[in-house]
Amino acid sequence: MRSKLILTVTALMLVVGVGMSIFTVEAAPTASPPMSVPAQSQRSYLSGVTQFTHADSVVGSSNPAPQGGIAPNAGINNVVFGANHRANNVTNSWQNETSIAVDPNNPNVMNCSANDYSTGPPRAGWYHSSDGGTTWTEGVEVNTGTANSGDPAMAFGDNGHAYYAYIAFNGINLAGGGVGFIRSTDGGANWSANIPVDYSNSTTLFNDKEFMTADNSAISPYHHRLYIAWGKFSADQIHSVIAAVHSTDDGLTWSTPITAAGTVGVDENEGAWPRVAPNGDLYIAYIDHTPTPQMQVVRSTDGGLTFGAPIIAAANVHELPGTMPGTNYRVNSFPTFAVDPSNGDLYMAWSDYVAGSSSILFTRSADQGVTWSAPVRIDDAASGQRFFPAITVSADGRVSASWNDSRGQPNPQSFNYYFTSSPDHGVTWDTPNVRVSSQTSNVGGSSFIGDYTAIDAVNGYVYPCWMDARTGDEDIWVAQGLTNNNTPSPTATPGTSTPTSTPTSVQTSTSTATATAIPPTSTSTATATPVPPTSTPTITPVPPTSTPTMTATPTAVPPTNTPTNIPQPSATPTDCPNPFVDIDGNVFYHAILYFACNHITEGVDPTHYGPGRTATRGQFAKIVVLGFGTSFYTPAMQDFVDVPSTYFAYLFIESGYHAGILSGFDAATCAAHGLGNPCYLPNIPITRGQLTKLVVNAGSFALITPIGGQQDFSDVPSSNVFYVSIETAYHNGIISGYPGGIFLPNNNIRRDEMAQIVYEGIIHRP
């Protein structure tokens, strides 16, 4: 049974209108939002208005946990992530509860949204990036005519227009509010004034937890139509139905709301997700709390004018408790929902709670929602809790999911953001799960961290967007992932200990610094070093060197936007099974395993790393870009004649080039290899000296020249083109020499040496 909750006002608490619930949030140390809210009790829903107890199911009940149905794609993970970037620039206030939408025509253009407290009371905040999520501009919607706004939801049209829906309300009563909307015709850089969608001016009917979508299917009879769905609560603040509207004029006007699912005063439906199939059919997924929790879907075949009867997508849902055990923040089991643009399949995920443990469950339908697969677990955690999943699907049928996860943490007050994906329309799932967040969030005693997270995917890229508390403040963070990254590194020829000739080129100018010499140790007797952190630095562009056996002139590096600064975490150990049979006992074991565990490098085959083989320029581009967290960059067309978009390291070479870390060759060198200009020669080996210089560049180390031009290695005099880079790396603990005080800068570097030097560059970077 459900009962109304007597409202009380608690000092130093904050109303946040988000996620179908009203919630309370303790005042942050760095900000004191001047509002108060009702005290929280059991499961709370209904944003910013009121609370009620929710006793619909018994946690850990006798309902059987979902079993089997979809096999994991064990031992494979085909997505790699670049650096984490903070979307909000104002950091002395809270931002939480995220949505993200990426321009389907340009994956560099995207918008995030959140509840934003930077101006005081909660408002719907927006954050816009035009460089793949590296840098952001921001603002809040202030034209609603109400004191507050929140529950943000973003969408993008295939016409390049951006859309943003939210609820608007006045304090805890939502008086005079409802659902609002703004639009942008320039991709999100500028936004319109508020356009009311459903302003009821009622204090007894409450609109809450809206989401929206755009019909981007060229074959749909309703192409370009916009849809918004939300929960409409009755005066008892307990019962709710799913309301829906549509717009046929790009959001300028909206239809009269209709009830898409539920009966007023009877049903308790919320968490609505509208999504459109390629044929124009509109689906809305939601959770129905009565009589037992179920995931349901309704379908409209006439552009949102009418809806069919509800279909049960998942019965016996075990909802999370109102507050995550061991914490003060509230959680929910609302569904997250996507429709495949390639074939119309439907995908749904949620957080399910059995015997004190939560998991991310997934189900799919291949027959327009008529039947659904048995729910299966897609997280692979052995401990902790998982909550607030987000799901999306790209045009090639890859389904991507992300969520908060406290695995490996002492309690759920600390958690990270995790990811997995399915390359085959949700049939099998990549394992292991990938940790996206480079630092752990600790939310302490916060009573509200949002009610959902977000993810979107476009053209082979995937973009998780989540609330992150790594700085001690609730902020919005984004990472860019590259999908279909399943091509093994090319097999190179075995390395040799015989030095190869290297060209003489013009030495770059260096700054002079005094440093205390660090005695070198032999690389053959090196000891294991601490595992580097998973976060990534901002890269300062520095011209790179050429590759062996030829004279190279770096090509011009196009200017790029400067990434936002990212706080550096402390080093944390790597913990994953060793997939390689040929690195046990290798002195660089920990470095190799670090890159393997973090999906930065592969072996020459699934079980062999090939530590003694040489490393190529293409292989190095991948390991340095991923290892140092260089922002991914995809140009309109390829920059090097010998690196097409189909080449396994194309993204990494282009990203390193546009960040100023890597470069190509001059016309004469390219012509000598039968190529036009510019060329990169990705498959030739890279030497120890060259790789050392590029690691120093990537890590933005201050260059060091020993006093008086002294040399620490007898075979690296001051006249050597790599002298300053090698001395800088040596005095920063990145490299060591061979017995007899030599470095062998002209040797083609081995794959195990490459891993170790890049690894040391990461853990010793400024």
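**How many of the residues of helix H6 (residues 723-731) are buried?** Nine of its nine residues are buried, so to speak a mostly covered helix (buried means under 20% relative accessible area, exposed over 50% and partly exposed in between, with a 1.4 Å probe and protein chains only). This is a predicted model, where local features need pLDDT of at least 70 and side-chain atom pairs count only at pLDDT 80 or more, while totals for chains, interfaces and linings use all residues. Residues are numbered from 1 along each chain as its sequence is written, and side-chain values use heavy atoms, with hydrogens and water left out.

**View 1. Helix H6 and what follows.** The buried residues of H6 include Tyr-723, Ile-726, Ala-729 and His-731. Helices here are DSSP runs of H or I with at least four residues, strands are runs of E with at least two, and both are numbered from the N terminus. The buried residues of H6 pack against H5 (contact means heavy atoms within 4.5 Å). Just past the end of H6 sits Gly-733, with a positive phi of about 75°.

**View 2. Helix H5 beside helix H7.** Here H5 (residues 688-698) packs with H7 at an angle of about 25°, and their axes are 10 Å apart. The axes are lines fitted to C-alpha atoms, for helices over the stretch in contact, and angles run from 0 to 180 degrees between N-to-C directions. H5 and H7 are therefore roughly parallel to each other (under 35 degrees; over 145 is roughly antiparallel, 65 to 115 roughly perpendicular and the rest oblique). Their crossing is right-handed, a word used if the near helix is turned clockwise from the far one by less than a right angle, with left-handed for anticlockwise. On the H5 side, look for Arg-688, Leu-691, Thr-692 and Val-695, which meet Glu-753, Met-754, Ile-757, Val-758 and Gly-761 in H7. Sorted by class, this contact has five nonpolar, two polar and two charged residues (Ala, Val, Leu, Ile, Met, Phe, Trp, Tyr, Cys and Pro count as nonpolar, Asp, Glu, Lys and Arg as charged, and the others, Gly among them, as polar).

**View 3. Helix H2 beside helix H7.** H2 (residues 617-627) and H7 (residues 751-763) pack at about 25°, with axes 10 Å apart. That makes H2 roughly parallel to H7. H2 goes past H7 in a right-handed crossing. Gln-619, Phe-620, Ile-623 and Gly-627 of H2 make the contact with Arg-751, Met-754, Ala-755, Val-758 and Ile-762 of H7.

View 4. Searching the whole structure turns up one disulfide (a pair of cysteine sulfur atoms within 2.5 Å). Cys-670 and Cys-679 form it, with sulfur atoms 2.1 Å apart. The torsion about their S-S bond is about -95°, so this disulfide is left-handed. Both Cys-670 and Cys-679 are buried. Now for Cys-112: its sulfur lies 3.1 Å from the closest cysteine sulfur, in Cys-465, and that is too far for a bond. Cys-112 counts as buried at 0% relative accessibility, and Cys-465 is buried with a relative accessible area of 0%.

**View 5. Ile-311 and its contacts.** You'll find Ile-311 in strand S22 (residues 311-314). With 25% relative accessibility, Ile-311 counts as partly exposed. Gly-369 is 58 residues away from Ile-311 in sequence, but the two are 7.2 Å apart in space, C-alpha to C-alpha. Leaving aside neighbours within four places in sequence, Ile-311 touches Met-295, Gln-296, Val-297, Gly-369, Val-370 and Trp-372.
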